[in-house]
Amino acid sequence: MATGGNTSSCSSMEQINGVKEEDIVSLKSNNVEDLLFDETIGHIQDIIIDDRFSELQQNFMDKHYHNFEDIEENKFIYTDIHKQYVELIERHIETELTLRIPGFNMQHFMITLESRKNEVPEEIFDILLSFTEFLTFKQMFLDYKAEKDGTSLNLDGLLISSPAGTNR
């Protein structure tokens, strides 16, 4: 058997998911954390754009939007609805992440998310914010109610354009 310049055994060149084993070993822990964070955010994005998530959220909003009013004072029922919403959505996202990422820990992820929130795409951050920020949650319901009641502001057709080079 001819030998070349490389005498390392095949086992040291094994690959895991297309990444060489020695490359994985050489990664610093913060790089592993970066990869896991990015992977989790990618999965959250996939979960949020999935039809099942939209259906879950819409069904919940259909059930409760009639309780919301666009007034300064917040009703006590808003707190109960918010709590139910948070539990429903968090449970759905956590279940999906646990299926997609072996050993996923939501508490650890939430701690990491707090320190890295500026790295999260805006649309994902807004969804995550609706879990913790009551006013964002309330506004989401008020917008939904206005849409359902046909009282939302429609700006279609109000775009004014002028030919290129025309100064106004």
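In which helix is H43 found? H43 is found in helix α2, which spans residues 29-49. Helices here are DSSP runs of H or I with at least four residues, strands are runs of E with at least two, and both are numbered from the N terminus. The model is predicted, so that local features need pLDDT of at least 70 and side-chain atom pairs count only at pLDDT 80 or more, whereas totals for chains, interfaces and linings use all residues. Residues are numbered from 1 along each chain as its sequence is written, and side-chain values use heavy atoms, with hydrogens and water left out.

**Overall architecture**

The protein chain contains 7 helices and 2 strands. Read from the N terminus, its elements follow the order β-β-α-α-α-α-α-α-α. Of its 168 residues, 28% count as buried, where buried means under 20% relative accessible area, exposed means over 50%, and partly exposed lies in between (1.4 Å probe, protein chains only). Contact means heavy atoms within 4.5 Å. Among contacts in the chain with a separation of 6 or more, 73% come from residues 24 or more positions apart.

Apart from its neighbours within four places in sequence, H43 is in contact with L97, R100 and I101.

I89 belongs to helix α4. Because its relative accessible area is 0%, I89 counts as buried. Not counting residues up to four places away in sequence, I89 touches F53, L56 and F131. I89 and F53 are separated by 36 residues in sequence, with a C-alpha to C-alpha distance of 8.3 Å.

**Helices with a buried side**

Helix α3 comprises 14 residues, 51-64, and reaches 20 Å from its first C-alpha to its last, close to the 20 Å expected at 1.5 Å a residue; the expected span is 1.5 Å times one less than the number of residues. Its buried residues are F53, Q57, F60, M61 and H64. They cover an arc of only 95° around the axis, and therefore lie on the same side of α3. The arc is that of the directions from the helix axis to the C-beta atoms. The face of α3 turned away from this buried side carries the exposed residues D51 and K63.

In helix α5, residues 106-115, the buried residues are M106, F109, T112 and L113. Their arc around the axis is only 120°, which places them on the same side of α5. Q107, I111, E114 and S115 are exposed on the other side of α5.

Two packed helices are described by the angle between their axes and the distance between the axes. Axes are lines fitted to C-alpha atoms, for helices over the stretch in contact, and angles run from 0 to 180 degrees between N-to-C directions.

| Pair | Axes come within | Crossing angle |
|---|---|---|
| α4 (residues 76-100) and α7 (residues 134-149) | 11 Å | roughly 95° |
| α6 (residues 122-132) and α7 | 6 Å | roughly 110° |

Angles under 35 degrees count as roughly parallel, over 145 as roughly antiparallel, 65 to 115 as roughly perpendicular and the rest as oblique. Y78, T79, I81, H82 and Y85 of α4 meet F134, F137, K138, M140 and F141 of α7. The residues of this contact of α4 with α7 comprise 7 nonpolar, 2 polar and 1 charged. Ala, Val, Leu, Ile, Met, Phe, Trp, Tyr, Cys and Pro count as nonpolar, Asp, Glu, Lys and Arg as charged, and the others, Gly among them, as polar.

Helix α6 is roughly perpendicular to α7. D126, L129, S130 and T132 of α6 meet F134, T136 and F137 of α7.
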